[in-house]
Amino acid sequence: MVYLVATPMVSLADESVKIQISGLKPNQLVTIRATLTDDKGISFHSRAFYQSDTAGEVDLEQSESCGGDYQGVLPMALFWSLKPEKPFYRLMKRDVIGSPFRVTLDVYNSCHWSTDAGVQPVASQTLERWYVAPGVQRIQVREGRIRGALFLPSGEGSYPGVIDMFGGTGGLTEFRSGLLASRGFVALALAYFAYEDLPNVLTELDMEYFEEAADFLLRHPKEQLICIIPANACEEYRPVITESPSVLLHCLKSEIHPQDFQT
């Protein structure tokens, strides 16, 4: 009997998953397929081909994919290589609080570029990939001109603060802020056009709007006197943020941790 073990079964979306298969024949070719359906009902899928070792096992941390959507020893590639059935559609979590992405992993005998309805997997497992940790709070923000969502870590105390903005897509995108709050940041997902009563089209940037957002974040009792702006916006917004001496502008050019900002 073939066994598929993927752990942890429930995790944050930025956590690694360990995937192992056992019970195969020695040197057997198998297909591992990952599928999920997003909040809008669009299906995404990825697949890779593996050959078991002499013990009849595959461990994605050690085994090399010999084809499919990627090649090589890439333990998390089934997740980041997910592609949509609808062309040019981006995988993006919209309901970050209410539900996870549920990713189903299926193992098939031999190599299958397409999976017919009549072909049944020999092993399956479904994982939950969440964008908020238990206890993280989401607060809708409509204060003055500011529009967005504030994510607060669980627990008492103060935390470093992040203003989280996306580029030219407009609207309000929250999944990154949910993960940041799960890692110990007070995160403000900030919309600045094409959302509620904000301008529908980005024709010019009102720098005072971003200053108001920084002031709003600084007033929150859970927030330390730190504001972080994404790296691609650092130079553009530096004059606004650094007008306040209590705000440190830190460009997100590398991995960050809350302890890096303790005062």
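## Ground rules

The model is predicted, with local features needing pLDDT of at least 70 and side-chain atom pairs counting only at pLDDT 80 or more, while totals for chains, interfaces and linings use all residues. Residues are numbered from 1 along each chain as its sequence is written, and side-chain values use heavy atoms, leaving out hydrogens and water.

## The four-stranded sheet

Here we have an open sheet ordered S11-S12-S14-S13, with mixed pairing. Strands are DSSP runs of E, at least two residues long, and helices are runs of H or I, at least four, all numbered from the N terminus; two strands pair if DSSP finds at least two bridges between them. Strands S11 (137-143) and S13 (161-164) sit at the edges with a single partner strand each, so one side of each lacks a neighbour in the sheet. From one strand to the next, the twist averages 20 degrees.

S11 and S12 (residues 146-152) run antiparallel, joined by seven bridges. Ile 139, for instance, has Leu 150 in S12 as its bridge partner.

## Helices on that sheet

Helix H2 (residues 175-182) packs on the sheet and touches S12, S13 and S14 (186-191), its direction making about 170 degrees with that of S14. Helix H3 (residues 207-218) packs there too, touching S11, S12, S13 and S14, at about 155 degrees to S14. Contact means heavy atoms within 4.5 Å; axes are lines fitted to C-alpha atoms (for helices, over the stretch in contact), and angles run from 0 to 180 degrees between N-to-C directions.

## The three-stranded sheet

Another open sheet goes S1-S3-S6, with antiparallel pairing. Its edges are S1 (3-7) and S6 (58-59); each has a single partner strand, so one side of each has no neighbour in the sheet.

Five bridges link S1 to S3 (residues 18-22), and Leu 4 has Ile 21 in S3 as its bridge partner.
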